[in-house]
Amino acid sequence: MSFADTHSIVRWRNDPDIAAWFVSQHKFTAEGHERWLGSKLTSPEDFNWVLAEKGGPKIGALSIYNVDAVAGSAEFGRLMVGEASHRGRGFAKEACTVLLAHALASGLSNIFLDVKEANQGAIRLYLALGFEPRQANAEGLVRMTLQTR
């Protein structure tokens with residue numbers, strides 16, 4: 001992800017069909033996104049990618065963050081297929097599969113995420129990727145983990 005992606009990220013993140021599934025419900029602005037991205041670009045704990053169809057347009061984003069190399073853990077998320085025409089076509093699953101394979105190969109052994117309990121589509125995806133539900137909290141978030149140890 002780069003500053004050149006700001007317009008797309010802001011547009012996608014403000015789409016009501018996407019925004020509803022994020023914990024943070026504030027309106028995204030270009031300035032706010034660039035300030036956030038500036039703090040993440042040099043972080044050894046936060047990695048963010050823009051998804052693109054092979055040889056095609058940018059269609060979404062995903063991240064792995066809060067990386068603790070010593071503990072072998074990280075948080076997975078910020079997943080969105082922003083372009084409505086690309087939703088439901090397997091792009092999210094393919095991107096997640098590739099990213100998780102690289103994360104596990106790099107030594108991470110405990111990857112976790114929080115997903116809204118009502119987001120059954122995302123939960124089905126995460127179950128298919130090997131995540132297991134661990135607990136739900138009072139805010140309606142389900143913690144899921146992918147462990148290799």
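## Glycine 107 and helix α4

Glycine 107, which lies just after α4, takes a positive phi of about 110°. The model is predicted, so that local features need pLDDT of at least 70 and side-chain atom pairs count only at pLDDT 80 or more, while totals for chains, interfaces and linings use all residues. Residues are numbered from 1 along each chain as its sequence is written, and side-chain values use heavy atoms, with hydrogens and water left out.

Helix α4 has 15 residues and reaches 21 Å from its first C-alpha to its last, close to the 21 Å expected at 1.5 Å a residue (1.5 Å times one less than the number of residues). Helices here are DSSP runs of H or I with at least four residues, and strands are runs of E with at least two, numbered from the N terminus.

## The buried side of α4

In α4, Phe91, Ala92, Ala95, Cys96, Leu99, Leu100 and Ala103 are buried (under 20% relative accessible area with a 1.4 Å probe, protein chains only). These residues lie on the same side of α4 because they cover an arc of only 140° around the axis, the arc being that of the directions from the helix axis to the C-beta atoms. The buried residues of α4 pack against β1, β2, β3, β4, α5 and β6 (contact means heavy atoms within 4.5 Å).

## Strand β4 and its partners

Strands β3 and β4 run parallel and are joined by three bridges (pairing requires at least two DSSP bridges), with alanine 74 opposite isoleucine 111 in β4. Seven bridges join β4 to β6, and these two strands run antiparallel; lysine 116 has leucine 141 in β6 as its bridge partner.

Note on methods
Buried means under 20% relative accessible area, exposed over 50%, partly exposed in between (1.4 Å probe, protein chains only).
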